[in-house]
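Welcome to the tour! Please open the structure in your viewer and keep the selection tool at hand.

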Amino acid sequence: MNTHTLVLLTIVSESLLKERLIHEIRKAGAKGFTISEVAGEGSRQRRVSEILGDNIKIEVIAKQEIADEILDVLQMHFFPSYAVIAYLSEVHVVREEKYI
(Lines give C-alpha, C1' and ligand atoms only; values in the text may rest on other atoms or scores of the structure.)
Protein backbone atom coordinates (compact mmCIF):
# COMPACT_ATOMS: atom_id res chain seq x y z
CA MET A 1 0.00 0.00 0.00
CA ASN A 2 1.31 3.44 -0.93
CA THR A 3 1.23 6.13 1.72
CA HIS A 4 2.06 9.81 1.52
CA THR A 5 3.68 11.95 4.20
CA LEU A 6 1.76 15.02 5.37
CA VAL A 7 1.50 16.85 8.68
CA LEU A 8 -1.17 16.74 11.36
CA LEU A 9 -1.70 20.13 12.94
CA THR A 10 -3.43 19.85 16.30
CA ILE A 11 -4.87 22.96 17.93
CA VAL A 12 -6.36 22.96 21.43
CA SER A 13 -8.18 26.15 22.34
CA GLU A 14 -10.97 27.78 24.21
CA SER A 15 -14.27 26.86 22.55
CA LEU A 16 -15.20 30.51 22.09
CA LEU A 17 -12.58 30.66 19.31
CA LYS A 18 -14.13 27.86 17.25
CA GLU A 19 -15.59 29.94 14.41
CA ARG A 20 -12.55 32.23 14.16
CA LEU A 21 -10.21 29.23 13.99
CA ILE A 22 -12.33 27.49 11.36
CA HIS A 23 -12.25 30.68 9.28
CA GLU A 24 -8.44 30.84 9.46
CA ILE A 25 -8.05 27.12 8.64
CA ARG A 26 -10.23 27.45 5.55
CA LYS A 27 -8.53 30.71 4.53
CA ALA A 28 -5.14 28.95 4.63
CA GLY A 29 -6.42 26.37 2.14
CA ALA A 30 -7.00 23.29 4.28
CA LYS A 31 -9.52 20.90 2.73
CA GLY A 32 -10.99 19.78 6.03
CA PHE A 33 -10.64 19.40 9.76
CA THR A 34 -12.01 17.45 12.71
CA ILE A 35 -13.25 19.12 15.89
CA SER A 36 -13.65 17.41 19.27
CA GLU A 37 -14.68 18.75 22.65
CA VAL A 38 -11.94 18.14 25.20
CA ALA A 39 -11.14 19.04 28.79
CA GLY A 40 -7.92 19.80 30.58
CA GLU A 41 -5.82 22.46 32.18
CA GLY A 42 -2.68 24.22 31.09
CA SER A 43 -0.35 26.97 32.21
CA ARG A 44 -3.15 29.55 32.32
CA GLN A 45 -5.35 27.40 34.60
CA ARG A 46 -8.74 29.17 34.58
CA ARG A 47 -10.04 30.46 31.27
CA VAL A 48 -12.85 32.75 30.15
CA SER A 49 -14.40 29.78 28.36
CA GLU A 50 -14.99 27.93 31.64
CA ILE A 51 -18.14 30.02 31.73
CA LEU A 52 -18.89 29.48 28.03
CA GLY A 53 -17.84 25.85 27.57
CA ASP A 54 -14.98 23.40 27.46
CA ASN A 55 -11.97 23.36 25.18
CA ILE A 56 -11.96 22.17 21.61
CA LYS A 57 -9.35 20.21 19.71
CA ILE A 58 -9.07 20.84 15.98
CA GLU A 59 -7.06 18.45 13.83
CA VAL A 60 -6.00 19.35 10.31
CA ILE A 61 -4.08 17.08 7.93
CA ALA A 62 -2.38 19.15 5.25
CA LYS A 63 0.81 20.04 3.45
CA GLN A 64 3.53 21.62 5.59
CA GLU A 65 3.00 25.01 3.92
CA ILE A 66 -0.66 25.18 4.93
CA ALA A 67 0.09 24.11 8.50
CA ASP A 68 2.84 26.75 8.69
CA GLU A 69 0.44 29.45 7.49
CA ILE A 70 -2.09 28.50 10.18
CA LEU A 71 0.64 28.44 12.83
CA ASP A 72 1.75 31.94 11.79
CA VAL A 73 -1.80 33.25 12.28
CA LEU A 74 -2.06 31.51 15.65
CA GLN A 75 1.23 33.02 16.78
CA MET A 76 0.27 36.55 15.72
CA HIS A 77 -3.40 36.71 16.67
CA PHE A 78 -4.27 33.99 19.15
CA PHE A 79 -1.32 32.91 21.34
CA PRO A 80 -0.83 36.32 23.01
CA SER A 81 -4.42 36.65 24.25
CA TYR A 82 -6.02 33.21 24.50
CA ALA A 83 -5.41 29.78 25.98
CA VAL A 84 -4.32 28.07 22.74
CA ILE A 85 -1.69 25.46 22.02
CA ALA A 86 -0.70 23.90 18.72
CA TYR A 87 1.65 21.16 17.63
CA LEU A 88 2.63 19.27 14.49
CA SER A 89 3.07 15.56 13.89
CA GLU A 90 4.16 13.72 10.78
CA VAL A 91 1.46 11.42 9.44
CA HIS A 92 1.34 8.88 6.62
CA VAL A 93 -1.94 8.90 4.75
CA VAL A 94 -3.63 6.84 2.10
CA ARG A 95 -5.55 8.80 -0.55
CA GLU A 96 -3.43 11.93 -0.38
CA GLU A 97 -5.86 13.72 -2.72
CA LYS A 98 -8.40 13.90 0.13
CA TYR A 99 -6.08 16.25 2.03
CA ILE A 100 -4.38 18.44 -0.57
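Select Phe-78 to begin: with a relative accessible area of 2%, Phe-78 is buried, since buried here means under 20%. Keep in mind that this is a predicted model.

Is Tyr-82 buried or partly exposed? Tyr-82 is partly exposed, at a relative accessible area of 22%.

Look at the two rings together. A search of the whole structure turns up 1 aromatic pair. The ring centres of Phe-78 and Tyr-82 are 6.2 Å apart and the ring planes stand at 45°, so this pair is tilted.

**Next stop: two helices**

Select residues 64-78 for helix H3, then residues 18-28 for helix H1. In general, a packed pair of helices is described by the angle and the distance between the two axes. Here, the axes of H1 and H3 come within 9 Å and cross at roughly 140°. The crossing of H1 and H3 is right-handed.

Which residues make the contact? On the H1 side, show Arg-20, Leu-21, Glu-24, Ile-25, Lys-27 and Ala-28. Colour the contact by class and you will find 8 nonpolar, 1 polar and 4 charged residues.

**Next stop: the sheet**

Now show the whole sheet. It is an open sheet of 4 strands in the order S2-S3-S1-S4, with antiparallel pairing. Which strands stand at the edges? They are S2 (34-38) and S4 (84-93); each has a single partner strand, so one side of each is left without a neighbour in the sheet. On average, neighbouring strands of this sheet are turned by 20° against each other, direction ignored.

Strands of a sheet pair through backbone hydrogen bonds, in a parallel or an antiparallel way. Zoom in on S2 and S3 (residues 55-62), which pair in the antiparallel sense over 5 bridges. Click Thr-34 and look across to S3, where its bridge partner is Glu-59.

**Last stop: Glu-14**

Finish by selecting Glu-14, which sits in strand S1. Glu-14 counts as buried, at 4% relative accessibility. Then pick Glu-37 as well: Glu-14 and Glu-37 are 23 residues apart in sequence and 9.9 Å apart in space, from C-alpha to C-alpha.

Technical notes. Residues numbered from 1 in each chain as written. Predicted model: local features only at pLDDT ≥ 70, side-chain atom pairs only at ≥ 80, totals over all residues. Heavy atoms only, no water. Axes fitted to C-alpha atoms, helices over the stretch in contact; angles between N-to-C directions. Left-handed = near helix turned anticlockwise from the far one by under 90°. Contact = heavy atoms within 4.5 Å. Nonpolar A, V, L, I, M, F, W, Y, C, P; charged D, E, K, R; others polar. Pairing = 2+ DSSP bridges. Phe/Tyr/Trp six-rings, centres within 6.5 Å; stacked < 30°, edge-to-face > 60°. Buried < 20%, exposed > 50% of the residue type's maximum accessible area, 1.4 Å probe, protein only.
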